[in-house]
Amino acid sequence: MHLVRSSSLLVINIAIYFALVLNSTCDDEKLYTPMEKMLLKKFYSEIKQDLTLEIMHENKYLIRYLRAQNHDIEKAEAMLHRTIEWRNETKMDNILQEDWSSWIRKYPISLNIRDFEGRPTMSTVIGRIDFRKHVLNGKKDELDRYILYCYERSLYNIHHVSKLSGKEFVDGYLLLNLFGYTPQRHACLACMPSWVKLIQNYERHYPQSVTRIIMINTPKIFQQLFQILKPLLTPHTAKAVRVYDVNKEEWKRELLRIFPENNLPPEFGGSRPNPRIRAK
């Protein structure tokens, strides 16, 4: 009887192992074209000695730079080297250990939303952020760095969810609720450098890490700001942006097409009380 039970457990373990291997192989086929697989090997062999983070050794990290540079290995390598230099200069490797608790309490983000496929998502009510107040109070640099902290958390979340779920994800969703947006608090002349830096840092150092950016509750006046900033977006990012006005029925219908209702917090039309992340 013991032998039968042991044999059954062995068979189950073998089945699970092959299921994971096949699933990983299937995901790999979906994520990268045969040409990209070949380029990734070459790209990695040329840059691996310069990589400073564990996640940089993963294909899903490297492919973002290749795709951002239209699969030109030389340009992708230069872009990644600039990111490594920037990370050293700005001490980005330490940002997750810094104390952001006061900022998180004021402007929380959520990282535990998943779409129907399990794709990771970051969400926040960006309309709550008073850009003008922080600029006038001399906290512009701190605000800019908090935004970088959010980028970094989102980046690591993509890799974490991939490992946890056994499914490979190169990118994730970004949900932005503009409720509370006013030109005075968000689009003042002194606020513009923060918006510019927000976009430039994403495009230069977190390229192609979002599959879709969905903005909801955007007032008509927001379109003026968006049109000013749009030229800073790469074609890939511009194509990923979806902007919805204050018509809740419209944006909720779109979100529920992508996400389970019980997985979305109320501010995004769902029924789940969504706990925010805690500072590390």
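Are tryptophan 103 and tyrosine 107 buried or exposed? Select the two and take a look: both are buried. Keep in mind as you click around that this is a predicted model.

**Stop 1: the sheet.** Switch to cartoon view and find the 5 strands, which form an open sheet in the order S1-S2-S3-S4-S5 with mixed pairing. Now colour S1 (109-114) and S5 (241-243): these strands stand at the edges with a single partner strand each, so one side of each has no neighbour in the sheet. Look along the sheet and you'll see the twist, which averages 20° from one strand to the next.

Next, pick S4 (residues 210-216), which runs parallel to S5 and is joined to S5 by 3 bridges. Zoom in on isoleucine 214, and you'll find arginine 242 of S5 standing opposite.

**Stop 2: helices across the sheet.** Select residues 140-165 to get helix H7, which lies across S1, S2 (120-124) and S3 (172-177) and runs at about 20° to S1. Then try residues 248-258: that's helix H12, lying across S3 and S4, at about 155° to S4.

**Stop 3: the rings.** The structure holds 13 aromatic pairs. Show tryptophan 100 and tyrosine 146, whose ring centres are 5.8 Å apart with planes at 45°, so this pair is tilted. Tryptophan 100 sits in the loop between helices H4 (73-90) and H5 (101-106), while tyrosine 146 is in H7, 46 residues apart. Both of these residues are buried.

Back to our opening pair: the rings of tryptophan 103 and tyrosine 107 have centres 6.0 Å apart and planes at 50°, so they're tilted.

Notes: Residues are numbered from 1 along each chain as its sequence is written. This is a predicted model: local features need pLDDT of at least 70, side-chain atom pairs count only at pLDDT 80 or more; totals for chains, interfaces and linings use all residues. Side-chain values use heavy atoms; hydrogens and water are left out. Two strands pair if DSSP finds at least two bridges between them. Helices (H or I, at least four residues) and strands (E, at least two) are DSSP runs, numbered from the N terminus. Axes are lines fitted to C-alpha atoms, for helices over the stretch in contact, and angles run from 0 to 180 degrees between N-to-C directions. Contact means heavy atoms within 4.5 Å. Rings of Phe, Tyr and Trp (its six-membered ring) pair if their centres lie within 6.5 Å; planes under 30 degrees apart count as stacked, over 60 as edge-to-face and the rest as tilted. Buried means under 20% relative accessible area, exposed over 50%, partly exposed in between (1.4 Å probe, protein chains only).
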